[in-house]
Amino acid sequence: MPITRRLDQITNIYNSWTIDTVDAIVTTMTTNAFSLNNLDSLPIGVALPLREFLSACRRNPHNGWTVEYYAMIGREDFAEQASGNKCLTLHKSVPLPQHRVRLTLVLYQPVAMEPATELLSGVELENSEVTNLRFQDDRIEVVQKIMTCRQVPSLNAKVFADSTDDLIRSEQQNVLMSFANKLFALPIGRALFTFGTASNAVSETVHFPQVTVSAKLPPLNDVVHLDPTQAPQDLFEWPNFHNGVATGLRIPESSTAVHASWLEKNNPSTPTCNNGGFIFAMGLLGHLKKLERWQRMVYLQHQHVVTTVGMVLGVGASLCGTGDAYATKLMKVHIPRLNNFGPSGDRVDGASNVASEGTRCTGGVTHTASVFGLGLLHLGTSKRRFVEVLIDEIAAVDYALDDGSDSGAEGSFNERVKNREGHSVTAGLALGMVVLGKGSMARGLDGIGLLERLLGHIAGKGRDGIDGAGGEISAAGATIALGLMYLKTGDESVAAKLEIPETRHMLDYVRSDLLLVRTLSRNLVLWDATRATKQWIEDQVPAYVQEVVLLFDDDDGSLESLRHARYNIIAGACLSLAIKFAGSSSEEVFRLLLKYLDDFNLEASFPAITYREKLNKSVVRTCCDVIVVSLGVVMAGSGNLELLRRFHKLSDRISTDVSYGSHMALQMALGFLFLGGAAGFTLGSSDQAVAALVCALYPRFPMSAEDNCCHLQPLRHMWVMAVERRRCLVVRDVESRQACRIPVLITLKGDGKGTYPLVLRTWAPCILPELTRIKSVSVDSDRYLSLTVVGDEYLRRLFDTHTLFVKRKSGHLDYVKVTPNVEK
């Protein structure tokens, strides 16, 4: 550079010294293209004041300056933050720290397990960088041991010295059936735990973990397998479906390795239930949009029920809210009301020709799944034609017409009668999605009498308003539809229709479990009125029930309906709180739900001898399941240690008293707690997220693995549509690009109601609160240079990149090398 040019630069900089601030002086240096190399070439007497200016700005820079400015003062972390660069090594695995704390989960004595084999367990975490930094202990390994299905446990069986071989075999099979209830629920929790944890480079062939029911049993303590001849024919269908879903959801949504040819290659010539679940998972991740129309039909040509269910639900999820015409026809072909099929599934004049004869409507769960797929496709559209169809489907009158087929197979009369309420609930969920959050503002629905017809179903009236035609079968579906239609509207008139009956006499006409659904739906409508207090929950219970609470212990049976009503109302209020505060990790909500869980567990611990006592215990356990999964939803992705200890204690229950649904609720709660391996995923609170959570958390869990009586099992995976991916904060050293663990301070705007604390101090990596609630995010450490991200633009950029770059002070070590601080 010419000497005259250098002198001009120095003259301009020193002239600004007399009139400008230190910040302006440094800005003058950058505008005059003065670099650090130029500074090094100056005499020490000239350079020293300039270095002091840079040092002063380096200690406490502000947002809004240029990248060149930050580079000049040596704050590369601010420069990276201002540029909005996203670190490409976000999912690169880092070595575990040498000091790992061993958790002392001694709440129960675990059963003996066989040494692990090399078979695929389905709980492996490939993207573990964030997880390894968040938890400096072995809690992830504890969860993996709970959820693995490849180990052979040692179980107890009642075998006596005088027991015959037939009695021994019978007892062994009974124990194995109880164990199967736990084993079959594992894939549902595993889908949550391993969500998005596989590498982007997927293998050419998909392999599914084996679901095998076997255990070591007395008297010889040898391995005994479940006898398929003594189990229902379709016992393994839905567990294998869930197993396929769990395998598919491991693949990241952003993976470019999933394309049409890869999906076609992994479609077996003989359809399997595993593959049906895998296809559904691909749909939830949006990958089925890559299939051509004819490729979708290939999956349907075999008329394999589970594969068809996976395809129609997957297509609906992939094209959610688009109203795609061809996908709509695909749903119509399985819905007789839209496709002019008779009850037996035979085509009549005018039927749609979208599919070949091999894909005709077969009724049963295929019909039910297609109804829900229709709701997904037209999410939020308020299409009049489909609203009319779905409200008729809620009545489920034609669904169970006797067509003479009573074999018990899929689509048969017996099967449809058994699953009629489940079909009605699914139709209600679908209707709620079509008119999601629109309420009375929905356009084009005049003259249908939508609200009146739904209220008629809730009151036990059928499609034509005649008492008993629909009975209580359609009440749950209509109730949940009303809650979703008026979601967050605060409509007091609709909420009043969902009130608990005003008198004890009227209460006797409502099934107690419907009170739970009614409480949930009412609180969905009055979203802003929800409060995380014990008083708010107790206020949900009518006064005439509260007045006799103290008399429950001495009840002779006359107060049984009031007791069950109180249990269900409280459980419904707890579930409402969980959905409202999903993924918030609110300590206040957590402690409140934990208190009610302890109360219900205490009630369930009392011995039950009489029929009335057993019935009461069953109701209490059902409410316990609802609160357990509610706790998991509130603390989603947090990996909370206290809650893990409680779930760990419950995970070894193997008894005829513990149903498949109870195991399902526990596994879902544990999966939510460690959502995506606790690597930064959590749950959102948008209208679509709330609707998806209502579908997944519907508070009627199945009694057995083949049960779809009150809720369609595949809908338990709809939580995928509620997952928040933007709220993960990973802090990286700007020089090494390695993720690091440091304390951060999150300042909140506050909501004016005292619901949230204004300042949160936590350790990063962490899950941030919602963007609209954050005022600033700053580094709270003496080992790193100070940095504060403030302002909507910079906070939005922080959410988009998931990364906060920091610069460590000279002479300081990072926290991982210094202390194994265990995150609670």
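Is Asp392 buried or exposed? Asp392 has a relative accessible area of 17% and is buried. The model is a predicted one, and a search of the whole of it finds 22 salt bridges.

- Asp392 forms a salt bridge with Arg453, with 2.7 Å between the closest N and O atoms.
- Arg453 belongs to helix α21 (residues 450-458) and Asp392 to helix α18, so this pair ties together parts that are 61 residues apart in sequence.
- Arg453 has a relative accessible area of 26% and is partly exposed.
- Glu393 and Arg337 also meet through their side chains in a salt bridge, at 3.4 Å from N to O.
- Glu393 is in helix α18 (residues 384-395) and Arg337 is in helix α16 (residues 336-339), so the pair links parts that are 56 residues apart in sequence.
- Glu393 counts as buried at 2% relative accessibility, whereas Arg337 counts as partly exposed at 24%.

**Other salt bridges**

- Within helix α29 (residues 587-604), Arg591 and Glu587 lie 4 residues apart, about one turn of the helix.
- Their closest N and O atoms are 2.8 Å apart, in a salt bridge.
- A network of salt bridges links Glu421, Arg511, Asp513 and Arg700.

**Strand β7 and its partners**

- Strand β7 (residues 742-748) has 5 of its 7 residues buried, so the rest of the structure largely encloses it.
- β7 pairs with strand β8 (residues 759-764) in the antiparallel sense over 6 bridges, and Trp763 in β8 is the bridge partner of Pro743.
- β7 also pairs with strand β10 (residues 774-779), antiparallel over 5 bridges, and Thr747 stands opposite Ser776 in β10.

Terms used
Residues numbered from 1 in each chain as written. Predicted model: local features only at pLDDT ≥ 70, side-chain atom pairs only at ≥ 80, totals over all residues. Heavy atoms only, no water. Buried < 20%, exposed > 50% of the residue type's maximum accessible area, 1.4 Å probe, protein only. Helix = DSSP H or I, 4+ residues; strand = E, 2+ residues; numbered from the N terminus. Pairing = 2+ DSSP bridges. Salt bridge = Lys/Arg side-chain N within 4 Å of Asp/Glu carboxyl O.
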